[in-house]
Amino acid sequence: MSCHVVFTDSREYAESASINNRAPFKESTQLGGCCVTGSFPSFNMAWTKYQLFLAGLMLTTGSINTLSAKWADMFSAKGCHGNPEHAFSHPFVQAVGMFLGEFSCLAVFYILLFHDKRSPEPRMNVGQSFNPLLFFPPAMCDMTATSIMYVALNMTSASSFQMLRGAVIIFTGLLSVAFLGRRLAPSQWLGIFITILGLVVVGLADFVSGHRDDSHKITDVITGDLLIIMAQIIVSVQMVLEEKFVYKHDVHPLRAVGTEGLFGFVVLSLLLIPMYFIHVGDFSDNPRQVLEDALDAFCQIGYKPLILLALLGNTVSIAFFNFAGISVTKEISATTRMVLDSLRTLVIWVVSLALGWEKFHGLQVLGFLVLLTGTALYNGLHRPLLARIPWCATRMNLDDEGSDAERERLLNEGRVPASEDT
């Protein structure tokens, strides 16, 4: 939750400057979770073993998170009351497991806080006191978007699912201009335009592959892609809400993730009850054709315990992914985290090809490269290269002064005294 650019996924929070008691950073990076203002890396490749471990952990657990969810979707097992074998299609149950993983970040926060208090020189900034209900609206956005994306993952490939999530920068950028009064740089507008082009290429790749792939109907693939993009609109609303109402309270990222996970877990668990009785016809793949049949999910897990392993992989990986992402931002840089997040898409695509879950399509490679270019421009990864050119370096310094003034304005507009009870 920063004052400049919003992340791609609300569960991937990065460490802000205030948590480390640092001076404000110069640049900002957009990643999946919340806004982070961070300096560009010095590109010093002499990483420590611990930094390499954190980068590897983030890349591995982030990839496992999407792959395990897709793996669960590919199982078939018998259901309750002697129902014949059918596909494990329970997106809302999977979403509950994901929120449970987020909720566990709250336990990690208090463990770290306890350890920090016992140290001779406590350095952990726990932030201001705040009303936890501040996180309820963004948590509901997270719950809705996550549920929609898990429904979509049943319809499309894991690699397309991960690539299309990059659409969030389009809606985040537009909403931040409309509701936060932010001024986007020309390179960010160009990044948004290129991202739109990349989404068109990925969608075209899915349309072409849909005619040659028996695992998904072409209508399901297109519907799934549209649902993913629709979910990114909700995610961008969540990001704007977090930046406008939550960031000013200087909440520790792990505590923020855990609080949203708590709300999402409790509310969605309760919603599973009415979902059991809501008939949706052919839209649902479970035998009773209801919105969600949690009992059928548990019966299928009982008949095929490997499904539980896939669900646990999703739950555990999201917790470690959040922790690793925050640590990467703290120990290396926010930009490094964005690069690793882009590599995660590549890993998911390569693993899906190796496992035979999808077929190779050249258009998908082109789409990935175009999306990567758009994301890099939006996040300013071109700036270190341009900084080597004298004229560009002078121009960039002028832009930095303007962005610093805007950042200070946005912070001052939302500043909340530490003693204020929300």
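**E358 and the charged pair**

Me: Leaving aside neighbours within four places in sequence, which residues is E358 in contact with?
Reply: Keep in mind that this is a predicted model. E358 is found in the loop between α11 (334-354) and α12 (362-379). Beyond its neighbours within four places in sequence, E358 is in contact with S157, A158, S159, W349, S352, L353 and Q364.

Me: Which side chain of opposite charge is nearest to E358, and how far away is it?
Reply: E358 is buried yet has no salt bridge. A salt bridge would need a Lys or Arg side-chain nitrogen within 4 Å of a carboxyl oxygen. The nearest side chain of opposite charge is K70, at 7.7 Å.

Me: So what side chain does E358 meet in a polar contact of 2.6 Å?
Reply: E358 has no salt bridge, though it's buried. Its side chain does have a polar contact of 2.6 Å, and the partner is S159.

Me: How many salt bridges does the count come to, and which side chains meet in a salt bridge?
Reply: Side chains of opposite charge can pair when their charged atoms come close. D293 is buried, because its relative accessible area is 4%, while R288 counts as partly exposed at 28%. The count comes to 1 salt bridge, and at 3.7 Å, N to O, the side chains that meet are D293 and R288.

Me: Is F277 buried or exposed?
Reply: F277 sits in the loop between α8 (253-275) and α9 (294-303). Along with V266, L270 and I273, F277 makes a nonpolar surface patch of about 420 Å². The cut-off for exposed is over 50% relative accessible area, so at 56% F277 counts as exposed.

Notes
Residues numbered from 1 in each chain as written. Predicted model: local features only at pLDDT ≥ 70, side-chain atom pairs only at ≥ 80, totals over all residues. Heavy atoms only, no water. Helix = DSSP H or I, 4+ residues; strand = E, 2+ residues; numbered from the N terminus. Buried < 20%, exposed > 50% of the residue type's maximum accessible area, 1.4 Å probe, protein only. Lys, Arg positive; Asp, Glu negative; His and termini not counted. Polar contact = N/O pair within 3.5 Å; in protein donor to acceptor, adjacent residues only side chain to side chain. Contact = heavy atoms within 4.5 Å. Patch = residues over 30% accessible without salt bridge, like charges linked within 9 Å, V, L, I, M, F, W, Y side chains within 5 Å. Areas by Shrake-Rupley, 256 points an atom, 1.4 Å probe, with all protein chains shown as cover.
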